[in-house]
Amino acid sequence: MSRRILVTALLVAAFAATASAAILHDLTGRWQLAVVTDNGTGYPILELKQEGDMVTGSYTSNAMGARTISGRVYGDTLSFTLSPSGAGEGMVLTYTARIVTPDSLNGYVDFAGQGGARFTGARQR
């Protein structure tokens, strides 16, 4: 009986540790990105809402207009994709970032397999 209790306690502790490791950061808020490409630097705005490890929100830039995003936070990593425009046009962009501090990101954006760019992000307070 005590062995069963010990095994159950260890499983509960392992599950709790895994769940807490997945959600180390709350990225909800407004972020200013700097996306550095061969053609110059763009400064899109990212509005994030995080619930658990899932993120949703909007991405607005001069080059791409407004798009919705969806993604996930796991540990110190944020990844999200931009939807195509409302007309279904445009490429799907995939962002992957390391969460450097609660208010800063750095990472890489993949332009649907057609190249990519480095970016940084700062939370606006």
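In this predicted model, Glu47 and Arg30 pair up through their side chains in a salt bridge, at 2.7 Å from N to O; the term covers a side-chain nitrogen of Lys or Arg within 4 Å of a carboxyl oxygen of Asp or Glu. Glu47 sits in strand β3 and Arg30 in strand β1 (residues 29–37), so the pair ties together parts that are 17 residues apart in sequence. Strands here are DSSP runs of E, at least two residues long, numbered from the N terminus. Glu47 comes out as partly exposed at 30% relative accessibility, and Arg30 is also partly exposed, at 37%. For these labels, buried means under 20% relative accessible area, exposed means over 50%, and partly exposed is in between (1.4 Å probe, protein chains only).

The structure has five salt bridges. Another one of them links the side chains of Lys49 and Glu51, at 3.2 Å from N to O. Lys49 is partly exposed at 48%, while Glu51 counts as exposed at 52%.

Then there is Arg72 with Asp53, whose side chains meet in a salt bridge at 2.7 Å, N to O. Arg72 belongs to strand β5 (residues 65–74) and Asp53 to the loop between β3 and β4, so this pair ties together parts that are 19 residues apart in sequence. Arg72 is partly exposed, with 41% relative accessibility, whereas Asp53 is buried at 19%. Elsewhere, salt bridges with shared partners join Asp103, Arg123 and Arg125 into one network.

A word on the numbers: residues are counted from 1 along each chain as its sequence is written, and side-chain values use heavy atoms, leaving out hydrogens and water. Because the model is predicted, local features need pLDDT of at least 70 and side-chain atom pairs count only at pLDDT 80 or more, while totals for chains, interfaces and linings use all residues.

Notes:
Helices (H or I, at least four residues) and strands (E, at least two) are DSSP runs, numbered from the N terminus.
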